Amino acid sequence: MLGYIWQYVYSSFLRYWLKWVVRQVSGKCELQRICAGFQPGATRTSKTEHSLQFSKNKVLRGSLQTSRDNLEQCVDLIVQAKNVKPQKDPLFRKSLHTCLLQITGYADLYTCVEDLRKKTFSSDNMEHEDMLLKLWKLLMPTVKLESRVTKQWGDIGFQGDDPKTDFRGMGMLGLTNLVFFSEHYTEEARQVLSHANHPQLGYSYAIVGINLTEMAYSLLKSGDLKPHFYNTVTGNPELLHFHHLYCYLAYEFDKFWVASKPQSIMEFNHYREKFHSQVKISLQEPGVALTLTVSSEH
């Protein structure tokens, strides 16, 4: 209880007085001190985001919802509002612009991912059908698919004769991730598939892949992926970067599963949560970068 009271008093009153005192001593506002005191990356951008979010200035708070087209104007308004002299701090404007690009870009990325997740797989959409067939060809290049609806889909980890029913939860986001992994990390994807088809340690490759899409989506939605993207993308993160993050999860989960040697697939939820917890712990590290670098083409 005392902790909550202290937090309220600090955030509502003391924080602003302390900021004022430090500014008088240093001659720099909090945003200037953050941009000058930290290297580009998660720490600097996260502290900038926190400062803007809890500012009493409407211009600063509103900058978190600024569109990319208005970013330059927004930076100008902040510089003006905080009375920053460019000749005294020539690097501030560029540093703040980079931070805002990452912060607003993360929100835009979530919107793109959510839109793709809500897009339902349709057998009447030839683009969707072509993507599904492409997945098969990438993973099973020497095996011909006998028909569109067939038990063969079970060989790459789908539950039924028609994979479309497995995309209900994650929509086209699930299929797009599976195809992206198979296309950009083909050797690694086939290696994971071979592990998934192991007689003792096997699991349903496609179903688990879609489950990992849900994990990546949840981490994005909660904001847990901010440190990763703030460290690995100097500008605004895009859908491509989310797909690469998925590839990391798919490859690393397979390594984790094989090393854990579960007794059966019935233990999947238990090991899935253990892996999830490990990822969340990693995301708390200041320099975190969940990047799959095993492929020579990257």
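Contact here means heavy atoms within 4.5 Å. What you're looking at is a predicted model, where local features need pLDDT of at least 70, side-chain atom pairs count only at pLDDT 80 or more, and totals for chains, interfaces and linings use all residues. Residues are numbered from 1 along each chain as its sequence is written, and side-chain values use heavy atoms, with hydrogens and water left out.

**The overall picture**

- The protein's secondary structure comes to 13 helices and zero strands.
- Those labels come from DSSP runs, numbered from the N terminus: helices are H or I with at least four residues, and strands are E with at least two.
- Starting at the N terminus, the run of elements reads α-α-α-α-α-α-α-α-α-α-α-α-α.
- The protein has 298 residues, and 46% of them count as buried; that means under 20% relative accessible area, while exposed is over 50% and partly exposed sits in between (1.4 Å probe, protein chains only).
- Take the contacts with a separation of 6 or more, and 65% of them are between residues 24 or more positions apart.

**Back to α2 and α3**

- Two packed helices are described by the angle between their axes and the distance between the axes.
- Here, α2 (residues 30-37) and α3 (residues 42-53) pack at about 175°, and their axes are 9 Å apart.
- The axes are lines fitted to C-alpha atoms, for helices over the stretch in contact, and the angles run from 0 to 180 degrees between N-to-C directions.
- Sorted by class, the α2 and α3 contact has four nonpolar, two polar and three charged residues.
- For those classes, Ala, Val, Leu, Ile, Met, Phe, Trp, Tyr, Cys and Pro count as nonpolar, Asp, Glu, Lys and Arg as charged, and the others, Gly among them, as polar.

**The core**

- The largest nonpolar core has 83 residues, and I156, F158, L175, L178, F181 and Y205 are those with the most contacts inside it.
- A nonpolar core is a set of buried Ala, Val, Leu, Ile, Met, Phe, Trp, Tyr and Cys residues joined through side-chain atoms within 4.5 Å.
- Setting aside residues up to four places away in sequence, L175 touches F121, H128, M131, L132, L135 and F167.

- V75 lies in helix α5 and counts as buried, at 0% relative accessibility.
- Apart from neighbours within four places in sequence, V75 is in contact with R93, L96, H97 and L100.
- V75 and R93 are 18 residues apart along the chain, with 6.9 Å between their C-alpha atoms.
- R272, in helix α13, counts as buried at 8% relative accessibility.
- Not counting residues up to four places away in sequence, R272 touches N211, E214, M215 and F253.
- D162 is in the loop between α7 (126-139) and α8 (171-184), and counts as buried at 17% relative accessibility.
- With residues up to four places away in sequence left out, D162 touches R148 and V149.

**Cysteines**

- The structure holds zero disulfides, a disulfide being a pair of cysteine sulfur atoms within 2.5 Å.
- C74 is buried, with a relative accessible area of 7%, and C247 is buried too, at 0%.

- Most residues other than glycine have a negative phi.
- N83 has a positive phi, near 55°; look for N83 in the loop between α5 (71-81) and α6 (92-118), where it's partly exposed at 47% relative accessibility.
- K261 also has a positive phi, near 50°; K261 is in the loop between α12 and α13 (268-282), and is exposed, with a relative accessible area of 60%.
- E187 is in helix α9 (residues 186-196) and counts as exposed, at 65% relative accessibility.
- From C-alpha to C-alpha, E187 and L139 are 9.1 Å apart in space, and 48 residues apart in sequence.
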